[in-house]
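The structure is shown below.

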Amino acid sequence: MTAAARVLELLVERGETLAVAESLTGGLVAAELTSVPGASHSFRGSVTAYATPLKRELLGVDGALLAARGAVDPDVARQMATGVRRVLGADWGLATTGVAGPEPQDGKPVGTVYVAVAGPDGAENVTALRLNGGRADIRSESVRSVLALLCAELGKNARAQDTERNGGN
């Protein structure tokens, strides 16, 4: 089973939804998710905010943060995930931002990527990646990594819910 299929299966089991904000991946995460039959049961949609101003205008990323640090930043990734969750009305939000190359961006080297997840009850997680390879490799690994991050978060969240249902034991 692919990571996308597993994510969607977990979301359907939980009756939850997902939205995605993408920068360097340019829609590849959404494409991976929608390649799975039945994705519409839990996938709400995506925003490809490739241009930096769109991160602020569409997703609500803090303009001062973008001006100070640029778009390739862990806090930008976190705000993108939170923003897409809010804008598209989803339980979970994913985000990708980074430098796929061939040139550095905002003083960050090629292969610098941040993937983020934001979910119910304040659940947030951002992972910094330092990826090697060409542009296609970096983008592909970013997709794999953000889906793996959500799988892990859904697994943690499910264990917490099970503990609560079973009296904390």
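Helix α3 (residues 52–59) packs against helix α5 (residues 74–87) at an angle of about 40°, and their axes lie 9 Å apart. The model is predicted; local features need pLDDT of at least 70, side-chain atom pairs count only at pLDDT 80 or more, and totals for chains, interfaces and linings use all residues. Residues are numbered from 1 along each chain as its sequence is written, and side-chain values use heavy atoms, with hydrogens and water left out.

Helices (H or I, at least four residues) and strands (E, at least two) are DSSP runs numbered from the N terminus. Axes are lines fitted to C-alpha atoms, for helices over the stretch in contact, with angles from 0 to 180 degrees between N-to-C directions. α3 and α5 are therefore oblique to each other, a class left after under 35 degrees (roughly parallel), over 145 (roughly antiparallel) and 65 to 115 (roughly perpendicular). The crossing of α3 past α5 is left-handed, meaning that the near helix is turned anticlockwise from the far one by less than a right angle.

From α3, Lys55, Leu58 and Leu59 meet Val76, Gln79, Met80, Gly83, Val84, Arg86 and Val87 of α5, where contact means heavy atoms within 4.5 Å.

| Residue set | Nonpolar | Polar | Charged |
|---|---|---|---|
| Contact of α3 with α5 | six residues | two residues | two residues |

The largest pocket has a volume of about 170 Å³. A pocket is an open set of points on a 1 Å grid where a 1.4 Å probe fits, with protein on both sides within 12 Å along at least five of seven lines; lining residues have an atom within 4 Å of a point. The volume is the space filled by probe spheres set on the points. Of its 16 lining residues, Leu24, Tyr50, Gly98, Val99 and Gln105 are the closest to the centre.

The loop between β3 and β4 (112–118) contains Pro102, whose peptide bond from Gly101 is cis, with omega near 15°.

Note on methods. Ala, Val, Leu, Ile, Met, Phe, Trp, Tyr, Cys and Pro count as nonpolar, Asp, Glu, Lys and Arg as charged, and the others, Gly among them, as polar.
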